[in-house]
2 protein chains.
Amino acid sequence: MRDFFYPKSVAVIGVSPRENNLARQIVRNLVEFDFQGIYYLVGPKGGVQFGRRIYRSVVDIPDRIDLAVILTPAATVPAIMEELGEKGVKRAIIETAGFTEKGEDGAAIAAEVIRVAKKNDIRFIGPNCIGVINRHNGLAVPFTYMKNVYRKGGVTIISQSGGVGISYLNELASESIGLNCFASVGNKMNVDENDLLEHFIEEENTEIICMYLEAISDGKRLMDIARRSKKPILLHKSNTGELGKRIAASHTASLSGDDDITDAALKQCGIARFYEPEQLVNYLKALPLPSIKGNRLGVISRSGGHAVIAADECEQQGFSLAPFDEQFIKEIESNFRASVIKLSNPLDLGDLFDMEVYDNIITRTLKEPNVDGVVFLHTYLSQTEGDASRQLINGVMHKAKEIGKPLTVYVATDHSEIAALKHDLEFPVFTDVEDAIRSIAMVRDFRERESMVETPPTIEMELDHERARAIIDSCKEKDRDPLLDEALEIFEAYGLPTLPSGYAQTEDEAVELAEKHGYPVVLKIIAPEVSHKSDLGGVQINLKSERGVRKAWNEMYDSILRSVPNAHIEGMMVQPMAKGGAEMILGGKKDRLFGPALMVGIGGVYVEVFRNVSIRVVPFSRDEACQMVDDLVISPILRGVRGQTPYDVNAFVDCIMRASRLMLDFPEILEFDANPIRVRPDGKGCVALDARIVLERT
Amino acid sequence: MRDFFYPKSVAVIGVSPRENNLARQIVRNLVEFDFQGIYYLVGPKGGVQFGRRIYRSVVDIPDRIDLAVILTPAATVPAIMEELGEKGVKRAIIETAGFTEKGEDGAAIAAEVIRVAKKNDIRFIGPNCIGVINRHNGLAVPFTYMKNVYRKGGVTIISQSGGVGISYLNELASESIGLNCFASVGNKMNVDENDLLEHFIEEENTEIICMYLEAISDGKRLMDIARRSKKPILLHKSNTGELGKRIAASHTASLSGDDDITDAALKQCGIARFYEPEQLVNYLKALPLPSIKGNRLGVISRSGGHAVIAADECEQQGFSLAPFDEQFIKEIESNFRASVIKLSNPLDLGDLFDMEVYDNIITRTLKEPNVDGVVFLHTYLSQTEGDASRQLINGVMHKAKEIGKPLTVYVATDHSEIAALKHDLEFPVFTDVEDAIRSIAMVRDFRERESMVETPPTIEMELDHERARAIIDSCKEKDRDPLLDEALEIFEAYGLPTLPSGYAQTEDEAVELAEKHGYPVVLKIIAPEVSHKSDLGGVQINLKSERGVRKAWNEMYDSILRSVPNAHIEGMMVQPMAKGGAEMILGGKKDRLFGPALMVGIGGVYVEVFRNVSIRVVPFSRDEACQMVDDLVISPILRGVRGQTPYDVNAFVDCIMRASRLMLDFPEILEFDANPIRVRPDGKGCVALDARIVLERT
């Protein structure tokens, strides 16, 4: 990939002296960014432009070409790629649009481009992209008008959309955040985001990678690369359409849409997801700061109002405002003219107007052992305090770096001053009080999550794989999903406890089973056509006598046949009533991008109401499974709040691990639900009361 | 209040030729903003400044003075106020700091200022404020350096903090949103935010009022004024510290902190609360647009990436992207060079580069009957498309206004162009795709909530007030809160159903009562010292026999005396076991600012976990009580989802109304809980299983 960003020679193909020729803009950008290599102009009609010869073909160039940038009509691209092959050019950027997005004709050309590229061993970015920029050597080949207003720095941008990529570049420019490389990947016909990401996690000038994607090419590879990365990766994954959720068959599928699984996967591999440019900017500003070691902030403000707003936001973000040490307060106090204001944290600078004293106070606060980070809220008049403010901010930012604690600075002044300030300072500043605090929290949370990123472990346990295999194979033969009794048996085979239930084909058999289990019992219909049993009257609970069982049997038959006249009722499951325990749901879903994923949540009647679930892509460790449970709102109850008996979380985590092994072992399982699964009081285990497994049909 | 903003003559008191004299800055600001009245300079030492005489006292001025602006040391202010009295000045703005915030000395001066003002019938703003601005007549008396960069307009700002007020002014300037008046209220010793608000809801130039408050002076008056206002009121209420919550005695108090009640009150009176400058700006940009009538947006974009992001945000904000009419699509299609892109909603303008055609398409989309509002995402090059873009945006914004549908415009271009554009356009633009959509949603939600604002009704119902009065009076005499049996009796008196429970003083009496009610029963301890009974083993449920009751009686006695050795156990409540129904909580709390408030939520074990509650300030209508229930996450279950039997919401709403009457009738009730209160299946009513009432001690 390096050759795309550090070519010694570039051919810009598609240049003509015609008005509105877009490829000419590429050449202008190479001039504007002061490209440190050689470039040649190529266009079928030849001619002269910018005082240079336009070659009719790349083969005519009397020099080696490392990179070709192509902006010619789609139909001409295959032939040009052949010429690249002839010339021995191994890297191309195809900016032309109108391939696969243009219907059949376009698709045929696209296929031809791929064929020719493969034959000639050419790797290419695009088509339908705006190309790349390398701020360090001045390579800048977008066909849009650009100005080189970017500071040199460590941020690399990979964007699927040219428009969005450019708006990120605008953000960098306006905040004076340094750029390393930019790449617009377009249709990703050859090089995709993973190819570039894999390069940039190792590239020497990259410090932070920021991506915009509408589609992820290969989820597993993305996770793998991200896990290896020592550099922060920020991703805006758009196109979160929830349509998939609405047509889901199981609870699990309805509660874990594609985007929910993407979200889980990104967390598991340590990618920070963002949704808005504002969040991106917060990350880019705070990530280079020293990491915060605790949650105690010191807030120093020139305006009392901003101090109040800061205190609110600290509480929101889980920071505490540790009271300053008394000795420390006394030292500060000596700086104030009169003791107008009670000094505390937030520290209101009140009638103190001396920048040198500010410097002392901020530095001193940074050094306090019970302060983990400092926020300085600086309101100033540009006319009288501009220079002094610049000096102050640069000074304290340097000291914070030395001391090893994060310091963020909020400035309130007129807008032209803010623009000038951002341009002049070595460090980013904030123009929202909230962002100055939130950004520290965002990075804290990111680092915390990052520390949990793990190499996926192998899950080993005892289980009866063959028994499960046999049932699933027999279902596949019959081209149907497992019935309730079969699904429960598969669970049992994998060590997921179920109730000692039985399968009755007649009313009498049901009574017999009920007597065997002991009353009260539950009856559940078994019919391949009936998935959501309870909605259709296919479940009756708390049956206390033979009479009750017989009555229920007949009612349920009637009820099901009324709603699903063609149902083949194969019998009924007879289960003893489960008592006690917390009703949870445990489910699995095979994701198109990331493979099998597991989900846990509050089960029973609340499942669809609270929609509070926790998802992980398989495989994961037992620690991660514990975290899954602890991420749930209900976790304090499971763990035992206010002297209540805790539930058997250990057994539940065991079930999660066994379920994830089930998903790994049977790639044909598309979805499964254990809902509800009752987690009993500590030491008493779990039991799945109901089961549903959906298989992939071939 | 008008006299504070439209004085014909102003005296600036505190001016001296000394360097760093702050009052001089006030005079500079009057010049900068081109004040249309006469002003005089006053300072004890006299002298000359700005070619004008400095009068030694206001009484020396040979003219009538409508408004005095005071910036002199605190200690001198009472004497100056006397002089104002002598001169007949009726309005003053005291910008001086160092009164109540300065301890005892300051408080004494403050009291003196209040006395003198009262004696002389002077109304004053401040102290400790930066004064007022009226953009329409150039009155601008802050002592900070200001530039008149504000467009004339309809936004009025009332701020408790000078610093925050100025940052709002900066936002207005940078977004080119028009300013009417600004007032910084400081310590609110005489004029408070309500006095100003009451003025501005009627003032002719005010269209939108925006406030920043750290403390609300009078909650009930605020609600009353807001209810009368025909103009949108936006409020940033900071200082949301949650300390109060943590030391709460009842569940209700722990779930409804001061800020939660403030939040409810603001909603009830139609005030839009915001927390960040970004939200303020969104409101200010979208409120002047025509209101949206439905939820169908049309999105038109020059960049495919931005269109995808817009579609995500539409879904987030509950908007649908209605497919465009086929005839309409055909008409648009004729404008495109080639059919490169499939036209739909969002509409990707692709290779179409004609601003006139854009104008046609946007106008046509606005006119579509199945489109309620339009978002235009405009990426452009300032060098080549700047002028045309300005013309386009102004044109379509005007047309949208005529058509009566909201149109928001997002622009992506370089930052200097954005600044210029904001300055030149008559309408605000957005620089975040999300904000362009979110702002429409914010105003939609605000208008929806506003339409529900009601005049508080009188709650009439049959109840036994005297019985409740007698119990409460007897408790007050004993200087203690009602015991469980008394609290339940108060509920009964107000028509809040409870179980047919009985009060047993001995083990034998308990057995007798249990036999009377029928097994199973519940025993609950009654002891004034024991509030959270169940945490201490003071409740046992599901006792099925005489033996069970006796065993429980003795265990509970032991358990309570072990944890609370000094407890005076007065006996036990014996209740039949309640069956079925949804466990809810119904509670009340008397708020310091807004008076009694009612709360409902999910009860029982989930109460502290989900913390999903709904709060209203009393009194409110039955409709509002229904809305309270429907605001809960659990509402679909109560109303009956997926064929389940609905619960008796009607009876629950009845309980809410009765409870609010109880709070109104007994101002001495500080807090009460009915937790749990079981809402039974439809038609079967509600029943409160437990009760706690906390009285105000005198």
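Predicted model: local features only at pLDDT ≥ 70, side-chain atom pairs only at ≥ 80, totals over all residues.
Residues are numbered from 1 along each chain as its sequence is written, and chains are lettered from A in the order in which they are written. Local features need pLDDT of at least 70 and side-chain atom pairs count only at pLDDT 80 or more, while totals for chains, interfaces and linings use all residues; side-chain values use heavy atoms, with hydrogens and water left out.

The meeting of the two chains comes next. With contact taken as heavy atoms within 4.5 Å, 55 residues of chain A are in contact with 55 residues of chain B. The copies meet through the same surface, because 100% of the interface residues of chain A are also interface residues in chain B. The size of an interface is often given as the accessible area lost when the parts come together. Here the buried area is about 4600 Å², and carbon and sulfur atoms give 57% of it; this area is what the two parts lose on being put together, found with a 1.4 Å probe and summed over both.

Across this interface there are 2 salt bridges, a salt bridge being a side-chain nitrogen of Lys or Arg within 4 Å of a carboxyl oxygen of Asp or Glu. Arg438(B) and Glu276(A) meet in a salt bridge through their side chains, with an N to O distance of 2.4 Å. On the side of chain A that touches chain B, the elements giving two or more residues are α5 (162-175), α11 (277-286), α12 (304-316), α17 (433-450) and α22 (607-610). Helices here are DSSP runs of H or I with at least four residues, and strands are runs of E with at least two, numbered from the N terminus. Of these elements, α12(A) gives the most, with 7 residues.

Salt bridges are also found within the chains, and the structure holds 100 of them over all chains. In chain A, Lys119(A) pairs with Glu82(A), their closest N and O atoms being 2.8 Å apart. Lys119(A) is exposed, at 51% relative accessible area, whereas Glu82(A) is partly exposed, at 27%; buried means under 20%, exposed over 50% and partly exposed in between, with a 1.4 Å probe and protein chains only.

Lys267(B) forms a salt bridge with Asp263(B) at 3.5 Å between the closest N and O atoms, and both lie in helix α10 (residues 258-268), 4 residues apart, about one turn of the helix. Another joins Asp631(B) to Arg616(B), at 2.8 Å between the closest N and O atoms. Asp631(B) lies in the loop between α23 (622-630) and α24 (635-639) and Arg616(B) in strand β25 (residues 613-617), so the pair ties together parts that are 15 residues apart in sequence. Asp631(B) is partly exposed, at 39% relative accessibility, while Arg616(B) is buried, at 5%.
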